[in-house]
Amino acid sequence: MARDLHETPFVLVLAIELGGVLWVALEPQHWLRAVSVLAAGSLVAGLCRLVLSNEQAGLLRVRRRTFDVAFYWALGVFAILVALGLPQR
């Protein structure tokens, strides 16, 4: 029996995002690093959506591929720019 792995990319992205949330929960003083992890999750989601078919993308597929990739990458780049633009303490 073949396993149905079409939600694996979504689980991967969810695990990255959960890692960022846990990081900020455990070490609130390093919240900018956690933002970077969340941004990386968005960039990975965009990459997965770009290279995988609609069926393989699973829950990462929201709209058309072009929109999804642009949105995920814009969100990731924006979060990185915010993290880099804020002063470090």
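How many residues apart are F67 and F71 in helix α4, and what share of the helix separates them? I looked this up and noted that F67 and F71 are 4 residues apart in helix α4, so about one helical turn separates them.

**Basis of the entries**

I record that this is a predicted model, in which local features need pLDDT of at least 70 and side-chain atom pairs count only at pLDDT 80 or more, while totals for chains, interfaces and linings use all residues. Residues are numbered from 1 along each chain as its sequence is written, and side-chain values use heavy atoms, with hydrogens and water left out.

**Entry 1: the chain**

I began with the secondary structure and found 4 helices and 0 strands. Here helices (H or I, at least four residues) and strands (E, at least two) are DSSP runs, numbered from the N terminus. Read from the N terminus, the order of the elements is α-α-α-α. I noted that the C-alpha atoms fill a box of roughly 50 × 30 × 15 Å along the principal axes.

I then looked up burial. Of the 89 residues in the chain, 24% are buried. Buried means under 20% relative accessible area, exposed over 50%, and partly exposed in between (1.4 Å probe, protein chains only). For contacts, the rule is heavy atoms within 4.5 Å. Among the contacts with a separation of 6 or more, 55% come from residues 24 or more positions apart.

**Entry 2: α1 against α2**

I compared the directions of α1 and α2. Their axes come within 8 Å and cross at roughly 175°. This makes α1 roughly antiparallel to α2. Axes are lines fitted to C-alpha atoms, for helices over the stretch in contact, and angles run from 0 to 180 degrees between N-to-C directions. Angles under 35 degrees count as roughly parallel, over 145 as roughly antiparallel, 65 to 115 as roughly perpendicular and the rest as oblique.

I listed residues at this contact: from α1 they include L12, I16, E17 and W23, and from α2 they include W31, V37, S42 and C48. The contact of α1 with α2 divides into 15 nonpolar, 4 polar and 2 charged residues. In this scheme Ala, Val, Leu, Ile, Met, Phe, Trp, Tyr, Cys and Pro are nonpolar, Asp, Glu, Lys and Arg are charged, and the others, Gly among them, are polar.

**Entry 3: α2 against α4**

I turned to helix α2 (residues 31–51) and helix α4 (residues 65–85), whose axes come within 8 Å and cross at roughly 160°. The angle makes α2 roughly antiparallel to α4. The crossing of α2 past α4 is left-handed, which is the case if the near helix is turned anticlockwise from the far one by less than a right angle, and right-handed if clockwise.

Among the residues that meet here are V35, A39, S42 and L50 in α2, with Y72, W73, G76 and A79 in α4. For the contact of α2 with α4, I recorded 16 nonpolar, 4 polar and 3 charged residues.

S42 belongs to helix α2 and is buried, at 8% relative accessibility. Beyond its neighbours within four places in sequence, S42 is in contact with E17, Y72, W73, L75 and G76. A79 belongs to helix α4 and is also buried, at 18% relative accessibility. Residues up to four places away not counted, A79 touches V35 and A39.

**Entry 4: the aromatic rings**

I returned to the rings and counted 2 aromatic pairs. Rings of Phe, Tyr and Trp (its six-membered ring) pair if their centres lie within 6.5 Å; planes under 30 degrees apart count as stacked, over 60 as edge-to-face and the rest as tilted. F67 and F71 form a stacked pair, 6.0 Å centre to centre with 15° between the planes. F67 is partly exposed at 44% relative accessible area, and F71 is partly exposed at 48%. Ring pairs link F67, F71 and Y72 into a cluster.

What does H6 contact beyond its neighbours within four places in sequence? I found E55, Q56, A57 and G58. H6 lies in the segment before α1 (8–26) and is partly exposed, at 31%. H6 and Q56 are 50 residues apart along the chain, yet their C-alpha atoms are separated by 4.8 Å.

R64, in the loop between α3 (54–57) and α4, is exposed at 69% relative accessibility.
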